[in-house]
Amino acid sequence: MIGSVLWDRQSLNPKPNVENPSAVINSTSNTSPSNNSREGNFRLMSKAAKLGLTLMALAGALALVIVLGLNSSSDNGLGTQAVSTTSGADRSPTIDSYDHNTDKADNVLMSEDATKSEPNAPKSNKSLNYTSSGSLEAQVPMASSPIVDGYVTCSDMESDITEALKLFMNNFINNEAVSGEMYADCDPDNENWYDHLYGYDDYSYDEANGKTRSSIPSLEKETRYLTPDVHGNTDNENKHRSKNGGKAQEGFGQNSQTKGVNEQDRVVSDGTYVYAAYGDVLYAWPAADTMQGVSITHIPGNATECDENTTDPCTSISKPSIQALYLGNSRLTVIVEQYLVEYNTPKNPTQPIITDFDYKVDLRVYNISDVTLGYPLEEVGHKELTGFYCDGRSVGDKTFIVTAFYVNTSVITNALLRSQSQYCGLDTANYKELASQTAKHQVQSFAKQMVDELQLVNDCSSIFRISTMQSSTDEPGANMPFIGTDIKFVQVSALNMLDIGTPLKVAGGFIAYDQYVMYLADDFLAILSNVFKFDCSSSSETFILGFDLSSEAGAIPYCYSHVPIGLSSNYNIDKFDNHLRIATYESMPSCIDEFIRNHNPTIFVLEIPSFQDGREKMSVVGESENLADFMYIDGSRFDKDKVYVSTANSQSSEQNNWFEFFVVDLSDHLHPNAIGSLKIDGRLSYMQKINIKRVPYILGVGCDPNWDVPFGLFLIDVSNSFSPKVTASYKVAEFSDVYWDFNAIRYLSRTKKIIIPFWDGTFAVYSIARNSITRAFNVNHSSPSDYEYEAALPARSFFIQSELITIQGHTAIRTDMQSGTFISELDLDVGLTYSICD
């Protein structure tokens, strides 16, 4: 996702009489090295702080802080919220010329308004700054081409973080001044000072002390910190190692989105061996014969537990857990994670701002060119990654791993909370003055601490520059959204599996996201972040960071963009003909009544800048008209100049109006257009283009409207794009992970069969014909919960040498594909937790 902004551009103006002075937009000359300069269009992020009691104010603040930024909810989208403690007069936003070399603003103001830049004007190396007034005057770059250039030095990034923190702290103080207004009546000598505010209903009797106590929070005396959940959220090209030689890899390659790109998984195969992550154990066995034996590799590292009764310092470490496998030509990359918990450790006076919440991530590479059964795989090297593990991709022997840090902004805001004892009894003006002095004293040390805690393994030249995610070309007068989200620093580590000794090449940037998606095709990697809004006017926005992967330098910041509505899956993204196509829809937030939500499916087409044009913004060149009102997207499948979209109606009470299938023509990048549609009686979360006797079909996997029959297969004839039609369907009252785990699906184009796993341990093999879908046979595994070791394998299937290999829980079963006859079973617990004699 993403953008390189970090900091929330919008804090709340809860009351009409709140001061809201001016903001100045400056033009800044960028001297960091770049191929070219370019104009940008990142939207600035925002967050609605809430009025009310101190607890509500703190919760709102902690969410707000994550995006550190500006407030322009009512000021032409230019971020005019930063409040001065000395003046409430508004000024019109202007553009100043500012040079990084001199660090001095020119005296002459440019006459052009910040929001009226000519889109076809010659490119310039001038970047626009958002300048806030207030006790902590800040200048934060607006999204424009220079944010792709990275930083000459990490000191430059520290300077940008300092400015962003000033902006954020200004906004936080302004919000606290309103939401914590009750503390103006605070009396440190009277513990019941709030009696007249809340009455006696909020009181309870403290038996231990014989006193009546209020449920209203008392003055803050200790720092409070958040510890969120860190896990927020491809055909193989190894033909030279496969016993199938030059045959298609549909039987063992990953069912990934993009050909030639491997996604993260815990069971993979190169056609010769199957590799499986079983907790802290890595298994390998012959794909064609599970009876020959296995290779068992124990991941280094032991779990340690602390005595709950001890008073001595102690660190508890979880057992290593394999999170992902990435298959190369002759190497296998393994991502291992452990979690650390410290007990009875001396309190650190400097709490971390950049934190991975004590997750330890190791990257280990194994040689799979010569597997010896009965022996562990040969480890050729390992590296410790910083941050917590998120996702990754591999292409051949190149691996790209995404890890992230949280920005724990509660550390920054704690001393600014109006509930702190030093602000007791101060009126709003005096609170702002004292809080601003505190912020000025802390801001530079916080910025330096953040850079130090990022633990960057190389320089900062491949880090997207911090920006407001709002560009100078944004429409004036438009209210920018309130955004409640997390801020994280995301980094992409590039590794060549054949050269594990070479230092990792790391690129990244600060991003704001509630949900993110990773997409890789050709030499282009995109991280897209979905940021939810909370202003009850719309649902979310998607910010995009694009990286170039063509050089040996790893991932290089290349481009950025933004689309005004949200994204839910990497299958809703596609790169074709140097354009990025995105299928998405707008969904109203929960504050809008469920029955009046307006979901608007839309296809956006973005042009990826060419190498000749240099690194810059991806411009939105095409946008479809809404496919249908009150529809949201269940699934989509891009196929060159078309995209097939499955939608569901969020309002209709008539079952036959709930679901609709669309064919959208993308041959003209400027005008994506729906050319065909079809009412169907089920939702399709996964779709695959297949051919039967040279006739194109979409094979859809989904379910019925009410989940009464939770699983269904649908065959749709798309030979006539203007008039698609369902030719066969099959429904069964069973549940499956394939709704969201597409690697669990295996379609065999030569035999026209699809293998689907269900929750009860059954794998069903279906035969697909032009006018029928029939269940050929079942393979029955033991219940997924019926295993000895503290691990379980996801449901996967492979087709190798006329045999079907199904894997789930702790067993792998071989079955004759023609007859459905059982051949053999491999129990991974045998030899691990008990012997075969048991």
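Biologist: What is the relative accessible area of Asp681?

Modeller: This is a predicted model, in which local features need pLDDT of at least 70 and side-chain atom pairs count only at pLDDT 80 or more, while totals for chains, interfaces and linings use all residues. Residues are numbered from 1 along each chain as its sequence is written, and side-chain values use heavy atoms, with hydrogens and water left out. With a 1.4 Å probe and protein chains only, buried means under 20% relative accessible area, exposed means over 50%, and partly exposed lies in between. Asp681 counts as partly exposed, its relative accessible area being 40%.

Biologist: Which residue forms a salt bridge with Asp681, and how many residues apart are the two?

Modeller: A salt bridge here is a side-chain nitrogen of Lys or Arg within 4 Å of a carboxyl oxygen of Asp or Glu, and for Asp681 the closest N and O atoms of the pair are 3.0 Å apart. The pair links distant parts of the chain, with Asp681 in the loop between strand 35 (673–680) and strand 36 (683–692) and its partner in strand 39 (725–732); helices (H or I, at least four residues) and strands (E, at least two) are DSSP runs, numbered from the N terminus.

Biologist: How far apart are the closest N and O atoms of Asp160 and Arg465?

Modeller: Asp160 is buried, with a relative accessible area of 10%, and Arg465 is buried as well, at 6%. The two residues form a salt bridge, and a search of the whole structure finds 20 such bridges. For Asp160 and Arg465, the separation of the closest N and O atoms is 3.3 Å.

Biologist: How are helix 2 and helix 5 directed relative to each other?

Modeller: Axes are lines fitted to C-alpha atoms, for helices over the stretch in contact (heavy atoms within 4.5 Å), and angles run from 0 to 180 degrees between N-to-C directions. Helix 2 (154–179) and helix 5 pack at about 150°, with their axes 8 Å apart. Angles under 35 degrees count as roughly parallel, over 145 as roughly antiparallel, 65 to 115 as roughly perpendicular and the rest as oblique. The two helices, helix 2 and helix 5, are therefore roughly antiparallel.
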